[in-house]
Amino acid sequence: MIGVMVPNVYAEISITDDSTGGDCTTIGTWNSASKTCTLRNDINKYIVIQSDGIIFDGNSKSISLGDDVDIMREEYFKNYNDAHNDGVFENEDLFYSMHAGISINGFNDIVIKNINLNFVHHGIYVKNSKNIIIQNNQFSNIPFNGLILENSSNNEISNNNFQNMDVAIGIHKVGSYDNIIKQNKIKLEPENGYAGGITICEYAHNNKVFDNIIDDTSTALSICSYATENDFFQNTITNSMYTVTGDGSYNSKLKWENKFYNNNFYDFGDISVPLEIWNLELPVGGNYWGLYDEPDEGCMDDNYDNIC
């Protein structure tokens, strides 16, 4: 059975560590000493980083691959279905990377900063990589995921803004661990469908999610498929239909040691992972619950320490 290649209507810009930064000089300036590619103007091409140690500085410019979220969503599904008509992908990584504004697969010690990702199918896609810093970027009007980490570890996602997309940040697979997700602002406006803030799935473990502001989502924080030993703390969550959700893997009597503490939960609805850890011993304590203030609402302060 022969796989089907998906035709790519967008041009690829490859950033590599050579005298011109690969294709960097076609879209910006290249500093060989620091391995820094600085974007000169807005572009409608997707970036693939293919060397260790690269710094990609968006210089407050934009990467856009369309101008209508609904049309881009239909285009993506058509390409996806075409790729499976005769069987499996010929190159699954290529499919995902060509639908991301910026992608990294198998390279390390990279910085992505100061870029506006607007009208791209996925914002940034990182796979099989470590020591990636993604900071001070704007993600908006994205049909699917703002940022994906897959089988990637020891990365830092900080000080980014996410608006209007299906999922802001997704961390997937057992190889995704020791990542730091901090000081991001997420506002997704779920009126037109699902809008998830931060999702950790598929055995991803030992990640820390803290000091993020998450507003106007259908689900603010989500764990699924046996994600374990992740810490969520000092986050502020408002206007979310579901504050924390989990799939069927959290319906058993087993605890997966995901910890939620020192968070501010305002104006929220349901929580579907009651067996996870919701407070630590003092002086760390538990969470602030904006609505749960009586036992029949789910808060039972048995020892009157104001923590539940």
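**Disulfides in this model**

Modeller: The structure holds 2 disulfides, and the model is a predicted one. In general, a disulfide is a covalent bond between the sulfur atoms of two cysteines.

Biologist: Which residue does Cys24 join?

Modeller: Cys24 is joined to Cys37, with an S to S distance of 2.2 Å. The pair links distant parts of the chain, 13 residues apart. Cys24 lies in the loop between strand 1 (12-15) and strand 2 (28-31), and Cys37 lies in strand 3 (residues 36-39).

Biologist: Why is the disulfide of Cys24 and Cys37 called right-handed?

Modeller: The torsion about its S-S bond is about 100 degrees, so the disulfide is right-handed.

Biologist: Is Cys24 buried or exposed?

Modeller: The cut-off for buried is under 20% relative accessible area. Cys24 has 0%, so Cys24 is buried. Cys37 also has a relative accessible area of 0% and is buried.

Biologist: Which residue does Cys201 join?

Modeller: Cys201 is joined to Cys224, with an S to S distance of 1.6 Å. This pair, too, links distant parts of the chain: Cys201 is in strand 15 (residues 196-201) and Cys224 is in strand 17 (residues 213-224), 23 residues apart.

Biologist: What is the handedness of the link of Cys201 and Cys224?

Modeller: The link of Cys201 and Cys224 is right-handed, with 105 degrees about the S-S bond.

Biologist: Is Cys224 buried or exposed?

Modeller: Cys224 has a relative accessible area of 15%, so Cys224 is buried.

Definitions and conventions
Residues numbered from 1 in each chain as written. Predicted model: local features only at pLDDT ≥ 70, side-chain atom pairs only at ≥ 80, totals over all residues. Heavy atoms only, no water. Disulfide = S-S within 2.5 Å. Helix = DSSP H or I, 4+ residues; strand = E, 2+ residues; numbered from the N terminus. Buried < 20%, exposed > 50% of the residue type's maximum accessible area, 1.4 Å probe, protein only.
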